[in-house]
Amino acid sequence: MATPTRWGIVSSGLISSDFVSALKALPDEHRVVAVAARSLQSAKEFAARHGIEKSYDSYSKLATDPDIDVVYIGVVPTKHLEVASEMLRNGKPVLCEKPLCMNVRETQQLVDLARQKKVFLMEAVWARFFPVYKEMVRRIEAGEIGDVVQVIASFGRNLQHLQRLLTKETGGGVTLDIALYPIQLTSLVMGGERPLKVFGGGHLNPHGVDETVTASLVYSGGRVASISASMKVDLPSEAHIIGTKGTIKIPCPMWCPEKLEGPSGNFTKLMPVTGEKFNYDNSQGLMYEAQEVRRCLKEGLLESPGISHAESLTIASIMQDIRTQVGTVYPQDAQ
């Protein structure tokens, strides 16, 4: 039997809980050995709930634990650069929740550190590793829809109850949290290429963060994309990839899909039902990105081909272009 990948978890929040629950479907491959939170009580409660051996009241203690192979970071985005940097400096491979950082400057700084330290770093764009996304790429590369001409994608939910999304101090805003999904899908379809132009518009909430955005991305070769995102209303939350010979549709939820429709027929890949309780839609699918991290570590890779450092920077650049055109400016932008 193969030795399991040993995880340390930074943050005892909802997404961290879902990630740990998802790993329970792969007990031979993954084992969570420690959790760190801002308070020892939170860490202990999380550990008790998930059967984790060690609890820490500081991220620094987890960073120096010799029994950890890789760290999952689930803190608020404003803390990503600081916490991920500490892990990398201690030689710990990192899977960091998206957005990787608050802006392009921070993202470049983190990527540079990972490269300098020669330590694995991956942005947790979990959608990339769903079987549906892999099938989409396979069909496009096989020429099923001809040459791609346009992507139309949206993601919208009424998330006004999530306080962290509503303020700058916690890295709130629809672009970083939700628009990232149609943006990363577009980037995947466009081969990771940077758009020639980004036209963004939308509206801010009373706290000065974007709550509704729409954007047009213009790519080389006559290709374009139209994306919309909202944290006020439910949008169709589906994606259409339109080519010269046909269309591939990823129905809602496009950010964590189990189905795809295309000219050669439909494709369905349901996730295992483990009995675990999750906070967010289809979180069992977080296991797919964990499998990719394990594969990369076993092969000695420093980044995942599925979401490379260069593409994380491209996605960060598109998001920064959109939100600044709408008017969202974070304290991190002034540094």
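**Exercise 1. What share of the contacts in the protein with a separation of 6 or more comes from residues 24 or more positions apart?**

Solution. Start with the term: contact means heavy atoms within 4.5 Å. Residues 24 or more positions apart account for 70% of the contacts with a separation of 6 or more.

Before going on, note that the model is predicted: local features need pLDDT of at least 70, side-chain atom pairs count only at pLDDT 80 or more, and totals for chains, interfaces and linings use all residues. Residues are numbered from 1 along each chain as its sequence is written, and side-chain values use heavy atoms, with hydrogens and water left out.

**Exercise 2. Compare the radius of gyration with that of a compact globule.**

Solution. Step one: take the radius over C-alpha atoms; the globule rule is 2.2 Å times the number of residues to the power 0.38. Step two: for 335 residues, the rule gives a value near 20 Å. Step three: the protein has 19 Å, which agrees. Along the principal axes, its C-alpha atoms fill a box of roughly 55 × 45 × 40 Å. Buried residues (under 20% relative accessible area, 1.4 Å probe, protein chains only) make up 54% of the 335.

**Exercise 3. Work out the strand order of the open sheet of 6 strands.**

Solution. Strands are DSSP runs of E, at least two residues; helices are runs of H or I, at least four; both are numbered from the N terminus. Two strands pair if DSSP finds at least two bridges between them. The order is β3-β2-β1-β4-β5-β6, with parallel pairing. β3 (54–56) and β6 (121–124) are the edge strands, each pairing on one side only. Now take one pair. Strand β1 (residues 5–10) runs parallel to β2 (residues 30–36), and 6 bridges join them. Arg-6 has Arg-31 as its bridge partner in β2.

**Exercise 4. Is Arg-128 buried or exposed, and which side chain does its side chain meet in a polar contact?**

Solution. First, locate Arg-128: the loop between β6 and α6 (131–141). Next, check its relative accessible area: 5%, so Arg-128 is buried. Then look for the partner.

**Exercise 5. Describe the surroundings of Ser-17.**

Solution. Ser-17 lies in helix α1 (residues 14–23). Its relative accessibility is 9%, so Ser-17 counts as buried. Beyond four places in sequence, Ser-17 is in contact with Phe-46, Arg-49, His-50 and Asn-279.

Technical notes:
Buried < 20%, exposed > 50% of the residue type's maximum accessible area, 1.4 Å probe, protein only.
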